[in-house]
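The paragraphs below lead a new reader through this structure, from the meeting of two chains to single residues. Please keep the sequence and the 3D view at hand while reading.

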Amino acid sequence: MTDIAQIEEGASRSQWWDVWDQFKTHRGALIGAVFFLLLVLVVFLGPYVWTLDYEATNARARNLPPSLEHPFGTDRIGRDFFAQMLKGGQTSLAVGIAAMLLSLFFGTLVGVVAGYYKRLDGILMRFTDLFLALPLLPLLLVIIMLFRDPLRSAFGPETGIFILIVVVIGITSWMQTARIVRGDVLALKEREFVLAARSIGTPNVKMIMRHILPNVLSPIMVSATLGIANAIITESALSFLGLGFPSDFPTWGRLLFDSTDYLQQYPERVILPGLAISLSVLSVNYIGDGLRDALDPRIRGR
Amino acid sequence: MLNYTIRRLLVAIPTLLLISLVIFLLLELAPGDPMANVPLTVPPEVKQQMREALGLGEPLPIRFFKWMTQFFWIEPLNLIDNIFGTGFAEGELRVISWQWRSSVMDVVVQRLPQTLWVVGLSYVLGTLIALPIGIISAYKQYSLFDQLGTFVSMIGFSVPTFFTGVLLIVIFSVNLGWFPSIYDTTHVVSDWSSFVFQLKQMIMPVSVLALYNAAQISRFMRASMLDNLNQDYVRTARAKGLSERVVVLVHVLRNSMIPVVTVIALGVPQVFGGAIITEQVFKVNGLGQMLISAIQANDLPTVQTLTVIFAVLIIVFNLIADILYGILDPRIRYD
Amino acid sequence: MNLKATLLGAAAAFALAPMAMAERGSDGQLNIIYWQAPSIMNPYLSGGTKELEAASLVIEPLARYDETGAMVPWLAEAVPTVDNGGVSEDLTSITWTLKEGLVWSDGSAVTSEDVRFSWQYCTADGGGCAQSEKFNNVVDVEIVDERTVTVRFDAPKPFPYGPFVGAQAPIIQAAQFADCLGPRAPECTDANFNPVGTGPFTVTEFRPNDVIALAANGNYRDPAKPAFATVIFKGGGDATSAARAVFETGEFDYAWNLQLAPDVLARMEAVGKGTVVSAYGTSVERIMVNMTDVNPDLGDERGTAAHPHPFLTDINVRKAMSMSVDRELLNEVGYGPAGRPTCNVLPGPEIYASAANDNCLVQDIEGAKALLDAAGWEVGSDGVRVKDGVRLSVLYQTSTNAVRQDFQALIKGWWDEIGIETELRNIDASVFFGSDPGSPDTFQKFFADVEMYTNNFDGTDPESYMANWECKQAPRPETQWQGNNMPRYCSEEYDALVAEFAGTAGIENRAAIAKRQNDMLMQDYVIIPLVHRGRVAGHSNALGGVVMNPWDSELWNAADWHRVSN
């Protein structure tokens, strides 16, 4: 018994090592991953080194240009822009990744089930149509009205809003992934290798995990990349509408939005958050590319 | 396939009714008040009278029923009247906006041209750009072209349109003075110079939106092509001596289209939904601006009407996508 | 006869105004941008400012306010007063006489029938008229002759200028709206989009929430005006882009309500294509302090007078909150030339403005700390003051708006400094200012400790505005949370002043009462005024004749606007 478990563990470990080996050879993916890790480290550990308070206003130091004291300058009410970028990065990256994972999970689950089980296809796809048709803004207003106060009292203002926003973005953005995955599964299901696997009696769950999922991975990876960008920007739209984090809580999207009026006067305040969002999305995109290649057994080992 | 289509169309009717009900209840539940924009100087009693004049005093089921008959029966009759000059709907109460106290559908029709011109055209353009970029990027994976395409499309998708729009206005309207920053919805194209003006006022909003759409579609195209380029059938086709052009553009492309068709079909209803932010930045005042201002003013009849129109389009285009799957890959069967 | 009269009129106009050399329609097109688009041209069906102002180009009242707040006759020959016999001695009726020879844009004569009809239209049952408060206490509008009407009230009215005065209560044509009374009002789409008026312009095309095209009214009473042949009234976008269209690209001549950060606006004005204009009415950005407990555990009694607030009922806390605020800085950050710091909730007109509270203009953090120390609020280990187990921790809500969020951040900083912990919340304006009894986030329910917004009053008379803080005006469940007394302030002395105000005539006496009311509210610190906000607009340097008016429609004198060459 133990032997078998050990063998299986060993086998799976070596499979993941294979994936890692392949991933390492993908230069873009490696650079992307290193950059992304660096970004995460900087925004989460940065505040311990750069100890200026992101909230502290200073009437005498408004709209300062970048200097040694304030490397990114200060904003219109004298808050240090670098400290705000760090704090904003924490929120934006956390929201972006969590909401993307949630939406990917929902989307893939609905898509695979709908595509694989013919009986559930109709109902699940009509359910998807319903979600696509719901007007986003009123939906958000309702969700926030119903759940903000309970979540706030259960988890405190910050965590409560974080959960709310991640869930809101997640449940309103899974539909595209679901439709795409379902379309691919519908086609895969009729491929020879699936028919072959079915003819030898592979159970459904195993079939999905081993044969279907790995083959729909590339659209899922693209959805993941686009999903992060989408979540970061949706979050800024929510904050702007007063449905997101409290206003003293910076996020990259919000910093970008607030600075757009100052495009001509203080271009750095627009460029920095815009660049931060773009670079994180770009690095996730390369990681996705690398992962897809690494998980494709046909490419691996070539 | 015909059977399937008919069955889906029949299922669409209860689906639509259910979606309408859910939307109606959602809007009822949503906090908000059509009187929120009335100045605070107007006393509460007067606001209450204004609300009653809008029909807000009636119970919910009656309002839902009224709206359903207005939307699904009287408005189509009005359409017939308009086309054939008949008088079926005369004297019947249409869906009335709470803001301008007149027909919602008339304004939808008024807004369609600018939405189709700007948002529709940008979608077509975006798709036309995205497909070749996606195909070439996949075929020459990790080439300079691919890297550049990846970079541009990621920037295009991750920088929000509220920023790119303003950037273009500052460069091309303020500094260079080439294009107007405000879209003239009353402009009529009648001759060459008015056509040139139309082009000038469209070029900025169209390019902002086209970049955004192209970024998304080209990523899916590229990924899907990559998947298929490694398949056994491609090797077989090459081995049979088919030209590379035929292999890529006929066999691989056809098999790679399923996710792309899905994405494109999901995007078309959004064209009619307008592009809220871009329309606002360039003052295009299309359907997107109509929806957002109705939501802000809590103009429930307008919000309901627009969202149900979108729901119809979503159902129709998802059906079209499903039918296209069957054509692209004849192995897919729905029966 | 007609030609002769016109010629005479023209000659008279020339003789009186040698400056006005322009003739009607000679200056081409006027481009106006309102970043919130008007949805209807009938102010009786929509109380919104944007609709009022758009409609003021077409339909006009009997008298309106000029830029100083003084009443000027418009369609009437003169403003009736007790002195000139127009207002009866017992203050229960007012008699108006129309100018001679007034015609509608369709050429028919304006008669007293139209004036009477305007009253009937707004007070018809089931019409939901947005301006019906203007016609409060009116029992009849009697037709005396072709040009004269008498408005009768059911009680003495010390201020009888509600009906037919200002942009809110214009005269509409009886012939056009005859079939649109009460519930039938929305059926008259043509009339609501294109009213026949007496103003300088008439509508040629109306697209709701998008654009209005207007042309000079061929029958306007001054044959030399308006100078512009056509007007494009575009809506949509945001304040920044509207300002850009006037100041930077020069596509538009006039932009409304430029609520922008002062430095952004100053930079745009520096380009040299346009000018920022502002004028002060009665708008005050203020913080309301909640005197009731809003703990959610109280259930239905949350936010009612049954449960006083645990610490905001201590005047020292309220006073310290006010003292720690730097109003100068707030104004500099948020409003610049369009605002000035204030210590009054009733900042104008001049005669009503009190000077008794002006010491608040200087920020006094140390004084605030000393005050709290003396009152027994001691700083705890986390920097937040505590007394008897009650922590000074407030929830501070307002509507979503860039300037308000900056104010929140700054004020939070100062309150932190004096030991008051602050949690910020911003709420979508359509929810915050709505009165949906189902929503916990309306400014009337006020389920927070302090909230910030702007309020003002119409016209120049503060009587009903100052009555907002009567005990009975407190929003509570019995009133479906309607009412204007957000702090739930309740003082017998104040209520007595409100009653006295209603029965006092003579502007000096009225001003004295208004000031006392203002000072009471200020010295009780239930309202913390921050900034006296002006109206701010921008016009191109090629547009002349703009006179910014905070008391009426901004477009009140559009007939005089003209092109200037620079």
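Where chains A and B meet, 43 residues of chain A are in contact with 49 residues of chain B, two residues being in contact if their C-beta atoms, placed from the backbone, lie within 7 Å. On the side of chain A that touches chain B, at least two residues each are supplied by α4 (118-133), α5 (136-171), α6 (175-188), α9 (217-240), α10 (252-259) and α11 (267-295) of chain A. Helices, here and below, are DSSP runs of H or I with at least four residues, strands are runs of E with at least two, and both are numbered from the N terminus. The residues of this side of chain A divide into 28 nonpolar, 9 polar and 6 charged, where Ala, Val, Leu, Ile, Met, Phe, Trp, Tyr, Cys and Pro count as nonpolar, Asp, Glu, Lys and Arg as charged, and the others, Gly among them, as polar.

The model is a predicted one, in which local features need pLDDT of at least 70 and side-chain atom pairs count only at pLDDT 80 or more, while totals for chains, interfaces and linings use all residues. Residues are numbered from 1 along each chain as its sequence is written, and chains are lettered from A and ligands numbered from 1 in the order in which they are written.

For chain B, an unreviewed UniProt entry lists residues 115-139, 151-175, 195-215, 257-277 and 308-328 under "transmembrane region"; the positions are given in the numbering used here, feature names are shortened, and such annotations may be inferred rather than shown by experiment. In the model, residues 151-175 of chain B are 92% helix and 0% strand, with end C-alpha atoms 27 Å apart. Residues 308-328 of chain B are 100% helix and 0% strand, and the end C-alpha atoms of that span lie 30 Å apart.

Chain C contains 15 helices and 21 strands. Its radius of gyration is 25 Å, close to the 24 Å that the globule rule gives for 566 residues, so chain C is as compact as a globular protein of that length; the radius is taken over C-alpha atoms, and the rule is 2.2 Å times the number of residues to the power 0.38. Along its principal axes the C-alpha trace of chain C spans about 90 × 55 × 45 Å. Of the 566 residues in chain C, 56% are buried, a residue being buried if 20 or more other C-beta atoms lie within 10 Å of its own, exposed if 12 or fewer, and partly exposed in between, with C-beta atoms placed from the backbone. Among the contacts in chain C between residues at least 6 apart in sequence, 67% join residues at least 24 apart.

Several strand pairs can be followed in chain C, two strands being paired if DSSP finds at least two bridges between them. Strand β11 (residues 274-289) of chain C runs antiparallel to β19 (residues 527-540) of chain C over 13 bridges, and in this pairing C:V284 has C:H532 as its bridge partner. β11(C) is also joined by 6 bridges to the antiparallel strand β18 (residues 450-455) of chain C, where C:M452 is the bridge partner of C:I287. Elsewhere, strand β1 (residues 29-34) of chain C runs parallel to β9(C), with 6 bridges between them, while β8(C) and β9(C) are antiparallel and share 5 bridges.

An open sheet of 3 strands in chain C has the order β13-β14-β15, with antiparallel pairing. β13 (378-379) and β15 (390-391) of chain C stand at the edges, each with a single partner strand, so one side of each is left without a neighbour in the sheet. Between β13(C) and β14 (residues 385-387) of chain C there are 2 bridges, and C:V379 has C:R385 as its bridge partner in β14(C).

A cis peptide bond, with omega about -5°, joins C:K225 and C:P226, and C:P226 is found in the loop between β8 (211-216) and β9 (230-235) of chain C. A:N63, which is not a glycine, has a positive phi of about 55° and is found in the loop between α2 (27-49) and α3 (81-116) of chain A.
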